[in-house]
Amino acid sequence: MTSAERFRSIWRDPAAYGRSVKQETGRSILGFFCSYAPVELIYAAGVLPFRLFGTRGEISLADTHLQSYCCSLVRGGLEDALKGNLDFLDGAVFSHTCDSIQRLSDIWRLNAGFAHHFDAVLPVKLNTESARQYMIEVLSGFCRELETAFGKPIRDADINSAIREYNQMREQLKAVYELRSRNPGLFEPSEVHWIMTAAMVMEPAAFLRDITAFLDQIRSSAGEAQQTGRKRLMLAGGICTHPDVYDLLARAGTDVVWDDLCTGARYFEGTIAEDVGDPVAAVADRYLSRSVCPAKHADITARGRHLVDAAREQGADGVVFLQLKFCDPHAFDYPYLKQFLDEAQIPSLLIEIEDQPPPGGQLLTRLETFVDML
């Protein structure tokens, strides 16, 4: 199996990969929903961090605990837990995201039946020294909770080792994005989506082996690929779990060259200082300085400036917002982000998605109309 085939296989069934890790290594596995989950500290405890993306099946059991107007990520994640689809997990960690995720934490703890449960409630405001100190205290407390739960002391050397591995992963993911931006014709439309999914669930060492092999192979064919001549698009929003969107965008005559998604560029943005005196503080500094999502605050225009700057830097002809239906934080931010793009004369389109994407024909028509306007 090639690296690309392995990435696609893991995307198709992340749970199967989680079970295989559990069976082969006996390693404890912690689920997480948010890119602010401190994966370096989890891994330093000898535990594999495993991103949860919601269910791909029907949602029924979760509706006895959650209102129907909760987003499909929250409802789908609980559905998988209640159905036993996440039986390979030893527990989950909930970082501060939105009201729905915070309340999911309580429901999960009372009903999902896992051995371990953690809340890492990171600060919302990230631009003060007191916020930094609070962030460090929360992360230090989380380390102590991990030590108690899994019986393994977390030394500074363990955290520094985890930081190095995750820094290498982020460097390789950024290299993938930059290569796609320079020459999108090298990639299948959904290929980078599969890679990002695999990066958030795989053992770091295994992912680094596969992504290195993948990059070596694709760079060797870089001279053969031709520029596509299609419109260049950037995606923005929270999560994207539908590779069909990328295929439809390609059929509409576009290449996705970058994104501002928490399952995309926001996951790998920012490098953590290595081998410093206080590695927990180094982890905190990365989460304080990376581009923010709607659940965090740096300053009132930070997200708008970042989105416009990224679109210009990547030469994007337009931006497509992918937003989960009933995602209040992203819905509140959308009008002001659109205003920033409008003022920069960058066209944009809003698409609302749930656990299942909109009908392909309808969505393709909307995308084709948008592309014709570019």
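At what angle do the axes of helix α1 and helix α8 cross, and within what distance do they come? In this predicted model, the axes of α1, which spans residues 3-12, and α8, which spans residues 191-199, come within 8 Å and cross at roughly 70°. Because angles of 65 to 115 degrees count as roughly perpendicular, the two helices α1 and α8 are therefore described as roughly perpendicular to each other. The crossing in which α1 passes α8 is left-handed.

The contact between the two helices involves Ala4, Phe7, Arg8, Ile10 and Trp11 on the side of α1, and these residues meet Glu191, His193, Trp194, Ile195, Thr197 and Ala198 of α8. Sorted by class, this contact of α1 with α8 has 7 nonpolar residues, together with 2 polar and 2 charged ones.

At least two residues of the lining are supplied by each of α4 (72-83), α5 (99-111), β7 (318-324) and α14 (328-343), and the largest share, 4 residues, comes from α14.

Conventions:
Residues numbered from 1 in each chain as written. Predicted model: local features only at pLDDT ≥ 70, side-chain atom pairs only at ≥ 80, totals over all residues. Heavy atoms only, no water. Axes fitted to C-alpha atoms, helices over the stretch in contact; angles between N-to-C directions. Parallel < 35°, antiparallel > 145°, perpendicular 65-115°, else oblique. Left-handed = near helix turned anticlockwise from the far one by under 90°. Contact = heavy atoms within 4.5 Å. Nonpolar A, V, L, I, M, F, W, Y, C, P; charged D, E, K, R; others polar.
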